[in-house]
Amino acid sequence: MLSPAIDADGAPFWRYAARGELRIQACADCGEFRFPPRPCCPRCQSFATEWRAVGGHGRIWSYVVPHPPLLPDYAEQAPYNVIVVELADAPAVRLVGNLVREPGARLDSVAPGGIRIGARVRVVFDGDGLPQWVLERV
């Protein structure tokens, strides 16, 4: 399975995720959330940065079920999903991940037919600190 490519701008995201925290980079001057992390604010061009905790709730904005799996290491878990989540606390931020039944579950633990655009989800973390998503019970 692939590991995230971690650069200097994104390293804090992964450090927080390893502790089970979802934090998003924000401009320390104007407050604009930004993802992916980068040195300069796209709104005010400030280089002042902070990492803000967010609630980890959102909605499925989009999804795909790759057919066939695009990478050989993922073939054993096909069909699996890749979802795009719009965060409730920061609607301009969309994170990519997988919808799973429970933290650390296989990528195929939710049948593709059970995924709906707009469904409410919350973040969970697998044993390696990788953010995943589960459906919220309403």
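Tutor: Helices (H or I, at least four residues) and strands (E, at least two) are DSSP runs, numbered from the N terminus. The model is a predicted one, in which local features need pLDDT of at least 70 and side-chain atom pairs count only at pLDDT 80 or more, while totals for chains, interfaces and linings use all residues. Residues are numbered from 1 along each chain as its sequence is written, and side-chain values use heavy atoms, with hydrogens and water left out.

Student: Which elements each supply at least two residues of the lining of the largest pocket?
Tutor: They are H1, strand E5 (94-97) and strand E7 (131-135). A pocket is an open set of points on a 1 Å grid over the protein atoms alone, where a 1.4 Å probe fits, with protein on both sides within 12 Å along at least five of seven lines; lining residues have an atom within 4 Å of a point.

Student: What is the space in the largest pocket, and which residues are the closest to its centre?
Tutor: The space is about 910 Å³, a volume being the space filled by probe spheres set on the grid points, which are joined across faces, edges and corners. Of the 32 lining residues, Leu-2, Tyr-74, Asn-98, Leu-130 and Pro-131 are the closest to the centre.

Student: Why is the pair of Phe-13 and Trp-14 called edge-to-face?
Tutor: Rings of Phe, Tyr and Trp (its six-membered ring) pair if their centres lie within 6.5 Å; planes under 30 degrees apart count as stacked, over 60 as edge-to-face and the rest as tilted. A search of the whole structure finds three aromatic pairs. In the pair of Phe-13 and Trp-14 the centres are 4.9 Å apart and the planes are at 85°, so the pair is edge-to-face.

Student: What makes the pair of Tyr-74 and Tyr-80 tilted?
Tutor: Their ring centres are 5.7 Å apart and their planes are at 40°, so this pair is tilted. Ring pairs also link Phe-13, Trp-14 and Phe-35 into a cluster.

Student: How do you know whether Phe-13 is buried or exposed?
Tutor: Buried means under 20% relative accessible area, exposed over 50%, and partly exposed in between (1.4 Å probe, protein chains only). Phe-13 has a relative accessible area of 5%, so Phe-13 is buried. Trp-14, at 22%, counts as partly exposed. Tyr-74 is buried at 13%, and Tyr-80 is buried at 6%.

Student: How do you know that the charged end of Arg-52 sits over the ring of Phe-33?
Tutor: A charge sits over a ring if NZ of Lys or CZ of Arg is within 6 Å of the ring centre and within 35 degrees of the ring normal. The charged end of Arg-52 sits over the Phe-33 ring, 5.5 Å from its centre. Arg-23 likewise lies over the face of Tyr-16, at 4.6 Å from the ring centre.

Student: Why is Gln-45 counted as partly exposed?
Tutor: Its relative accessibility is 48%, so Gln-45 counts as partly exposed. Gln-45 is placed in the loop between E1 and E2, and has a positive phi of about 65° although it is not a glycine. Most residues other than glycine have a negative phi, and most peptide bonds are trans.

Student: Which peptide bonds are cis?
Tutor: The bond from Phe-35 to Pro-36 is cis, with omega near 5°, and a cis bond joins Ala-78 and Pro-79, with omega about -5°.
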